[in-house]
Amino acid sequence: MLIQTNTLPMFKGPEVHSDFDPTAQIILHCGDTLNFLETVPNDTAKLIITSPPYNLGKEYENKTAIETYLDFQDQVIDQLVSKLRTDGSICWQVGNFVEDSEVFPLDTLYYSHFKKHGMKLRNRIIWRFNHGLHASKRFSGRYETILWFTKSDNYTFNLDSVRVPRSSSQQARCARREAVRC
Ligand SMILES: C[S@@+](CC[C@H](N)C(=O)[O-])C[C@H]1O[C@@H](n2cnc3c(N)ncnc32)[C@H](O)[C@@H]1O
């Protein structure tokens, strides 16, 4: 992301902080997640959106046994839940871990790590895409999932802000079924 620092004062955006500051509007911290989370007070975040590594051996991670990988991420989840406000949400986006052509859907392995904190799953959102590696002995992987958990029943969901408008054929179908709620 390009952050311009030499903009005219009248066009300046909010200051970008590199460490946690309760008065900051934007914090971009480059460092280890656990170290950073230690600096954040409990009950601070209303919404946490993250996509952790998938243990695939990418340049930013060491591929390990799946149990070791989950043990590490469990520490992150413990911290995130503490930092989350009672009315807060966590969106945790992961794909599949694949080993010897066997597929491990990471979201299913993560579910219990959130449930042990009493978190409640509100949606398991599927992100479907058209690109990626081609598999030859199974269907190619073309989706990832986002687990949306809330800490309590008191949470924010702005449906109207993200609602997909009905197509004209859907509108016509709904009009025909006046008595039935669409
Ligand atoms: C699956 S990618 C998600 C990328 C992200 N969605 C984005 O668009 O930049 C996982 C990211 O976690 C970062 N990461 C890996 N281990 C980390 C750690 N211990 N602390 C902080 N970030 C870490 C990696 O550098 C990588 O950018």
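The legends below describe an overview and several close-up views of one predicted model.

The model is predicted, and local features are taken where pLDDT is at least 70, side-chain atom pairs count only at pLDDT 80 or more, and totals for chains, interfaces and linings use all residues. Residues are numbered from 1 along each chain as its sequence is written.

**View 1. Overview of the protein chain.**
The protein chain has 5 helices and 8 strands. Helices (H or I, at least four residues) and strands (E, at least two) are DSSP runs, numbered from the N terminus. Along the sequence their pattern is β-β-α-β-α-β-β-β-α-β-β-α-α. The C-alpha atoms fill a box of roughly 55 × 55 × 40 Å along the principal axes. The radius of gyration of the protein chain is 21 Å, whereas a compact globule of 182 residues would have one near 16 Å. This radius is taken over C-alpha atoms, and the globule rule is 2.2 Å times the number of residues to the power 0.38. Buried residues make up 12% of the 182 residues. A residue is buried if 20 or more other C-beta atoms lie within 10 Å of its own, exposed if 12 or fewer, and partly exposed in between, with C-beta atoms placed from the backbone. Of the contacts between residues at least 6 apart in sequence, 58% join residues at least 24 apart. Two residues are in contact if their C-beta atoms, placed from the backbone, lie within 7 Å.

**View 2. The largest nonpolar core.**
A nonpolar core is a set of buried Ala, Val, Leu, Ile, Met, Phe, Trp, Tyr and Cys residues joined through C-beta atoms within 7 Å. The largest one has 13 residues, and those touching the most other members are Leu80, Val81, Ile90, Trp92, Tyr110, Leu147 and Phe149. Two or more residues come from each of helix H2 (66-83), strand S4 (84-94), helix H3 (106-115) and strand S8 (143-150). S4 gives the most, with 4 residues. Residues up to four places away in sequence aside, Ile90 touches Ile48, Leu80, Leu84 and Phe149.

**View 3. Strand S8 and its two pairings.**
Two strands pair if DSSP finds at least two bridges between them. S4 and S8 run antiparallel and are joined by 6 bridges. Within this pairing, Gln93 has Ile146 in S8 as its bridge partner. S8 also pairs with strand S7 (residues 120-128), in the antiparallel sense and over 8 bridges. Here Arg124 stands opposite Leu147 in S8.

**View 4. Surroundings of the ligand.**
The residues around the ligand are Asp32, Thr33, Ser51, Pro52, Pro53, Tyr54, Tyr60 and Glu61. A residue is counted as near a molecule if its C-beta atom, placed from the backbone, lies within 6 Å of it. By class, this shell has 4 nonpolar, 2 polar and 2 charged residues. Ala, Val, Leu, Ile, Met, Phe, Trp, Tyr, Cys and Pro count as nonpolar, Asp, Glu, Lys and Arg as charged, and the others, Gly among them, as polar.

**View 5. The loop between S3 and H2, at Asn55.**
Asn55 lies in the loop that runs between strand S3 (45-50) and H2. Asn55 is not a glycine, yet its phi is positive, about 65 degrees. This residue counts as buried because 23 other C-beta atoms lie within 10 Å.

S5 and S6 run antiparallel, joined by 4 bridges. Val98 stands opposite Val103 in S6. Asp100 is in the loop between strand S5 (96-99) and strand S6 (102-105). The hairpin has 2 residues between its strands, and Asp100 takes a positive phi near 50 degrees there. Asp100 counts as exposed because it has 4 C-beta neighbours inside 10 Å.

**View 6. Helix H1 at Leu34.**
Leu34 is in helix H1 (residues 33-38). Because it has 12 C-beta neighbours inside 10 Å, Leu34 counts as exposed. Its contacts, leaving aside neighbours within four places in sequence, are with Gln75, Val76 and Gln79. Leu34 and Leu121 are 87 residues apart along the chain, and their C-alpha atoms are separated by 24 Å.

**View 7. The segment after helix H5.**
Arg177 is found in the segment after helix H5 (168-176). With 9 C-beta neighbours inside 10 Å, Arg177 counts as exposed. From C-alpha to C-alpha, Arg177 and Glu61 are 53 Å apart in space, and in sequence they are 116 residues apart.
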